[in-house]
Amino acid sequence: MHASLVRRSLGGIVPPKIATPKLVSGGSGAGLGPLVDFYSKLPKGQATARASGFKGRLFTGANASGKPLVGLIVGLFFIGYTIDYNMHLKHHKNHAH
């Protein structure tokens, strides 16, 4: 395996500029102090629940709103009106009232 592939695959595990190759391969655990300090300051506990999907983003949580539903109703009205109007024009094309 190439060194660049290993570096790329392990890049997300160890933050840059905290653990150098010298500290990691030093053999003793004393050299990893900055790395341990970094990870000990990260928040612990359960992750917050994420709202996913269309329903989660727009209808539940802090951003709850009925605007998408109103937009759907208005959009369906305009689509129906456009279709009805065009059908009516086709009716008047050959046969006047």
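Which residues form a nonpolar patch on the surface? Let me start there, with the caution that this is a predicted model, in which local features need pLDDT of at least 70 and side-chain atom pairs count only at pLDDT 80 or more, while totals for chains, interfaces and linings use all residues. Residues are numbered from 1 along each chain as its sequence is written, and side-chain values use heavy atoms, with hydrogens and water left out.

The patch is formed by Phe 54, Phe 59, Leu 69, Leu 72, Ile 73, Leu 76, Ile 79, Ile 83 and Met 87, which together have about 920 Å² of accessible area. Patch members must have over 30% relative accessible area and no salt bridge, with nonpolar side chains joined within 5 Å and like charges within 9 Å; a salt bridge here is a Lys or Arg side-chain nitrogen within 4 Å of an Asp or Glu carboxyl oxygen. Areas come from the Shrake-Rupley method with a 1.4 Å probe.

Helix α5 gives the most to this patch, with seven residues, and Met 87 is placed in that helix. The protein as a whole has five helices and zero strands, where helices are DSSP runs of H or I of at least four residues and strands are E runs of at least two.

Turning to the annotation, an unreviewed UniProt entry marks residues 69–87 as "transmembrane region", bearing in mind that such annotations may be inferred rather than shown by experiment. In the model that stretch is 100% helix and 0% strand, with its end C-alpha atoms 27 Å apart.

Now the aromatic side chains. A search of the whole structure finds four aromatic pairs, where ring centres must lie within 6.5 Å, and planes under 30 degrees apart count as stacked, over 60 as edge-to-face and the rest as tilted. The rings of Phe 77 and Phe 78 have centres 5.5 Å apart and planes at 65°, so this pair is edge-to-face. The rings of Tyr 81 and Tyr 85, by contrast, have centres 6.4 Å apart and planes at 15°, so that pair is stacked. Both tyrosines, Tyr 81 and Tyr 85, lie in α5 (residues 67–94), four residues apart, about one turn of the helix. Phe 77, Phe 78, Tyr 81 and Tyr 85 form one aromatic cluster.

How exposed are these rings' residues? Phe 77 counts as exposed at 53% relative accessibility, whereas Phe 78 at 49% and Tyr 85 at 45% are partly exposed (buried is under 20%, exposed over 50%, partly exposed in between). Across the 97 residues of the protein, 5% are buried.

Conventions: Phe/Tyr/Trp six-rings, centres within 6.5 Å; stacked < 30°, edge-to-face > 60°. Buried < 20%, exposed > 50% of the residue type's maximum accessible area, 1.4 Å probe, protein only.
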